[in-house]
Amino acid sequence: MLVRSIIFADKTFTLVEARYLLLFTDLDRCSGYSWGAPALVTLYRYLGDASMYSCKQLGGYPTLLQCWIHEYFPTVGKRGENWKPADNCGLPRAMRWSYRQRVLKVDDLRPILDKLTHADVIWRPFEDHRA
């Protein structure tokens, strides 16, 4: 389930390409694999598809994309009122943002992203953490 719905998620969230199944012939080696890179590759591939006007749905790992968008485009997401860095050490970064329970399609997001200006983007997010 982890592989089909998160790492290599397609638009159905139920299928896995057969070529990936070879990675699981030796289950003891799976913990040594770097799973972040293939998750990003899969997401980037589907983002390329989503940039086409005719695309209506996004594949890939949507939580990873949401966290990246909220991190670099703060006007798109809303920080949770109860989130304090000192109190939440060790919690996932995704806990920083509050979400509304609704489904947004790619067509709903295009106007929001098209309105972004240079000032709406955090270009150097780790500048304060150089030390």
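How many aromatic pairs does a search of the whole structure find? In this predicted model, the search finds 2 aromatic pairs.

**View 1. The stacked pair of phenylalanine 24 and tryptophan 35.** The ring centres of phenylalanine 24 and tryptophan 35 are 5.7 Å apart, with 5° between the planes. The pair links distant parts of the chain, its two residues being 11 residues apart. Both phenylalanine 24 and tryptophan 35 lie in the loop between helix H2 (18-21) and helix H3 (36-50). Phenylalanine 24 has a relative accessibility of 24% and therefore counts as partly exposed. Tryptophan 35 is likewise partly exposed, because its relative accessible area is 22%, whereas buried would require a value under 20%.

**View 2. The edge-to-face pair of tyrosine 33 and tryptophan 35.** The planes of tyrosine 33 and tryptophan 35 meet at 70° and their ring centres lie 5.5 Å apart, so the pair is edge-to-face; this class applies to planes over 60 degrees apart. Tyrosine 33 is partly exposed, with a relative accessible area of 26%.

**View 3. The aromatic cluster of Phe24, Tyr33 and Trp35.** These three residues, Phe24, Tyr33 and Trp35, form one cluster. Trp35 takes part in the stacked pair with Phe24 and in the edge-to-face pair with Tyr33.

**View 4. Arginine 45 over the ring of tyrosine 46.** The charged end of arginine 45 is placed over the tyrosine 46 ring, at 5.0 Å from the ring centre.

Note on methods
Residues numbered from 1 in each chain as written. Predicted model: local features only at pLDDT ≥ 70, side-chain atom pairs only at ≥ 80, totals over all residues. Heavy atoms only, no water. Phe/Tyr/Trp six-rings, centres within 6.5 Å; stacked < 30°, edge-to-face > 60°. Helix = DSSP H or I, 4+ residues; strand = E, 2+ residues; numbered from the N terminus. Buried < 20%, exposed > 50% of the residue type's maximum accessible area, 1.4 Å probe, protein only. Lys NZ or Arg CZ within 6 Å of the ring centre and 35° of its normal.
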